[in-house]
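Please look at the sequence and the structure side by side, and keep both in view while reading.

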Amino acid sequence: MSDRSVPTADRIDVRKTYKLYIGGAFPRSESGRSYPVQDAKGRLLAHAAQASRKDARDAVTAARSAFGKWSGATAYNRGQVLYRVAELLEGRREQFGAEVAAAEGLTSERALAQVDAAIDRWVHYAGWTDKYAQIAGSTNPVAGPYFTFSLPEPTGVVAVLAPQDSSLLGLVSVLAPVLATGNTAVVVAAQDRPLPAVSLTEVLATSDVPGGVVNLLTGFTDELAPWLASHRDVNAIDLTGAAAEARADLQAEAADNVKRVYLPRDTDWTAEPGLSRLNAFVETKTVWHPIGV
Amino acid sequence: MTTLARDDLTSVARDDATLRRFLHGLPGVDQVGAEGRAASLATRSIKTTAKAWAIDTAISMVDLTTLEGADTHGKVRSLCAKAARPDPSDPTAPAAAAVCVYPDLVATAVDALRGTDVQIASVATAFPSGRASLATKLHDVREAVAAGATEIDMVIDRGAFLSGRYLQVFEEIVATKAACGPAHLKVILETGELATLDNARRASWLALIAGGDFIKTSTGKVSPAATPPVALVMLEAVRDFRAITGQLRGVKLAGGIRTSKEAVRYLVMVNEVVGDEWLHPALLRFGASSLLNDLLQQRHKMTTGHYDGPDYVTVD
Amino acid sequence: MFEYAPAPESRDIARLKPSYQIFVDGRFRDGAGEAIKTINPADEEPLAEVAEAGPSDVDLAVKAARKAFDGPWGRMSGAERGKYLFRIARAIQERGRELAVLESLDNGKPIRESRDVDIPTAAAHFFYYAGWADKLGYAGFGPAPKPIGVAGQVIPWNFPLLMAAWKIAPALACGNTVVLKPAETTPLSALVLAEIIAEAELPPGVVNILAGGPSIGQAIVEHEGIDKIAFTGSTDVGKIIQRTTAGSGKRLTLELGGKAANIVFDDAPLDQAVEGIVNGIFFNQGQVCCAGSRLLVQESVADEVIDSLKRRLATLRVGSPLDKNTDVGAINSATQLARIRELTDAGAAEGATRWSPPCELPERGFWFAPTVFTDVSQAHRIAQEEIFGPVLSVLTFRTPDEAVAKANNTPYGLSAGVWTEKGSRILSMASRLRAGVVWANTFNRFDPTAPFGGYQESGFGREGGRHGLAAYLDV
């Protein structure tokens, strides 16, 4: 008996089912569909859930219901939560290195560099949560007896079409700024490289990010994007992962409820991120109050 | 406020405009400050002898309550037995202050509690919504008193309050008090529907001036029910009312209080905000059902030194 | 009667060691000065021995700091510096209770305050400035602002760990290295912070912590290898430092004394105002530079407010700092206690009416009962001089102009409080009060994102927030 309790070299490994992440839970697609995901050399890695428009709708509902609490949390608290994501990701560095290497066809060393940069990017944005308002806000010296100030507020639910090329660093680079300013997100993962994104949701689920703040759909970007672009309860959309020829139509669909549309300017994920993604998903609110005894 | 005499207080209700000016002239409540004070009081650490005293005191203040559509005579009899002798294995455990039931079950409670000191409270005035004609509400009260209720828990008309018809609310309380006869009147403010602490303060004063013997947070049917900041504001009202009139009025905290820890925190708040005169069932009550068993489990823990399980207290 | 049983926090949690060493160039060692005993102000019993620094240690520390500045720390990217600061923030959070108990033992402050205010705020300060390290180009000081160099930092005994955090975190975030001296009566938490810094594996010399008395502070201020001095403490010493550094080219920021007015209008939320008055002057036994030591209350509500205040003070629990229910702990030192006694005696002699709630003070240790003076006039010493103790002077006013005039009638200008439900009045008062921090319908709030510092003789420079970076950047 005892000799069987220790796994041997020919042990059969237990494989993971890759699911969606909606409202803090991991459902399969309501459509029951999945699609094969291959590595850079065309070998099958897994079958990922192929999300439907109804999954997209459910994800928006989850993101909306999470918005009040997340946007109402103190900036300090959001910073602590995002930093915690970095801590947990660091603990699974090797796993993500292997997944990114498989997804993107990188050497182990280069894949790990991507993971490290992704961890540091969470830290970078953790630091922005309680500073962004300090550089984006202002007091306005109006010509009259009024105290006026302007401050940024999150725009709401943001649909993010994650970049197709960079499965982890690119994803973190587009997701973290959306969260840092207090928005909630519905993310469509890179269509052909979705597995690191799914694993990232497992990190999010075990960190302190409340359920519904991030929702992940895997599947076909061109199938899901129009539903998100036209959804009236989505406030903004990041078109980074959209095909170039699809962007004009998606922008036009977004006009239905005057969505904020973000079009990426560059896709060098290793460069310093700058402010454009933080600026993209905030509203500026100006408050006036009289001054008098 | 300290310059107001007792006569001024009743005269503030001579018409709607005067009553409104009085209630809106009360000092404002800064929500952040009130919440901070309540949270600070909650950090008090009550241990050993203090905790044992607090638990027994809390048990003696429980209005053991059942207010369900599914209530039956059997359910009420069982509740009464529990109120009279909460811990069958330990006669030193104090009895609850009262049972609280719907009017049609008062007679059952009177029968079951004969020979004990446990009071019989009944909700009335179209509890919990209060949406009925005044005549119906008063009839509800008279029936409950006639059946033997010694305490009446009325609800105010929150719709009237929120639309600024303060005098109507005032007059309903006065009329209900008259209908109570010898029974004590507890006025349920339903602070969860009043929404702001300023409103909780105004409603407290309204009820106190109108003659309520107790002011009570909630029906238990609306969330949020009793919260520490609301309790703080109501206790301040009772404290300030006493400063003006010399009269001691009670406070009943009801709805959502399930654990001994919460009950002990409220006792600390009462102790530090209005003083230990109020640490008596005549002036402080907890409206609750599951709280009593948690208090009993904590009591077992204090006496045996071991954590207790739910199978060691009775399910009623 | 509801008597609260004793609820003592265990002193074992502090992991008190028999002796503590200074931290220079990444190593702990005995200083060249005397070994002194630091005592518990609550009972005057010795807590531990501290091997104090001598002047030669200052020199070694400055050299180590310079080497680190010219070496690894100076070359490091902001993002990497930031990660070190995040490590420190997390370690303070992890060892929060240990630090809280240690702080209460060494300082005398109630565990409720060290646990709920000092330590978490210190951690938050590191967390906040950690995030700035890679974002300095966005802070409004130009695209790539440079650090100053070696910072000499001298801090007081009233918030030992928190003041260390206020000093070290922004300095490191901006890329400076530091030589810090904690107060002579409260060195322990800073030396445990040195342990945390060592465990976080910061390069040697980036942070040096020297226990010692005024002579070590003076040696730091005078040392030629130091580029910037940051001092928090009394106005008298601040003036000496400003004179000493004159002509030296050293940058200087000073956070000094105060005599804050806490102004209560008749339309204030009175119950919360009373809480704010109590928090304003009895928080940390009133040993707070921004304490609301002058209550200015509008005459129409003065009696009511004072009655409420007295009733509230009767519920304050004065006693063992380690008891979780203690509201007011011990005075930090015999020297400070003597100063408080001198000024309060002067207040009584000058004709103000003195009142304290009934409370029994422990026999041993440095204790002073919460005290309120009414019938105070502007001419009294207790209305002019900083007492730095649990002593409130109550004055009255009739109009907003009078409140402003009285509030500003002081050489200080650190903080002020305004209590009114009228928003426009808050803003009007805020604009007319000559103070670096104005709290409206609250008091003694501190947050790493919010700049703090004084006007006039309360010092110059700001700590906290984006503005706090300016003190440590070559701008």
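Leaving aside its neighbours within four places in sequence, which residues is Gly97(A) in contact with? Before answering, keep in mind that the model shown here is a predicted one. Gly97(A) belongs to helix α3 of chain A, the helix that runs over residues 93-104. Once the neighbours within four places are set aside, the residues in contact with Gly97(A) are Ser108(A), Ala111(A), Leu112(A) and Val115(A). For one of these, Leu112(A), the C-alpha atom is separated from that of Gly97(A) by 4.7 Å, although the two residues are 15 residues apart along the chain. Is Gly97(A) buried or exposed? Since a residue is called buried when 20 or more other C-beta atoms lie within 10 Å of its own, Gly97(A), which has 22 of them within that distance, is buried.

A helix of chain B lets us ask about burial along a whole element. Helix α5 of chain B covers residues 73-84, which is 12 residues, and the distance from its first C-alpha to its last is 17 Å, close to the 16 Å expected at 1.5 Å a residue. Its buried residues are Val76(B), Leu79(B), Cys80(B), Lys82(B) and Ala83(B). Why do these residues lie on the same side of α5(B)? They do so because the arc that they cover around the axis is only 160 degrees.

For its 316 residues, a compact globule would have a radius of gyration near 20 Å, and the 19 Å of chain B agrees with that. The C-alpha trace of chain B spans about 60 × 45 × 30 Å along its principal axes, and 55% of its residues are buried. If we take the contacts in chain B with a separation of 6 or more, 75% of them are between residues 24 or more positions apart.

Finally, consider where the chains touch. Between chains A and C, 24 residues of chain C are in contact with 19 residues of chain A. On the chain C side, the elements that give two or more residues are α3 (78-94), α5 (111-132) and α15 (423-432), and by class this side has 10 nonpolar, nine polar and five charged residues. The contact between chains B and C takes 26 residues from chain B and 20 residues from chain C. On the side of chain B, two or more residues come from each of α3 (31-41), α4 (48-59) and α13 (260-273), with α4(B) giving the most, five residues.

How values were computed
Residues numbered from 1 in each chain as written. Chains lettered and ligands numbered in written order. Predicted model: local features only at pLDDT ≥ 70, side-chain atom pairs only at ≥ 80, totals over all residues. Helix = DSSP H or I, 4+ residues; strand = E, 2+ residues; numbered from the N terminus. Expected span 1.5 Å × (residues − 1). Buried ≥ 20, exposed ≤ 12 C-beta atoms within 10 Å, placed from the backbone. Arc of directions from axis to C-beta. Contact = placed C-beta atoms within 7 Å. Nonpolar A, V, L, I, M, F, W, Y, C, P; charged D, E, K, R; others polar. Rg over C-alpha atoms; globule rule 2.2 N^0.38 Å.
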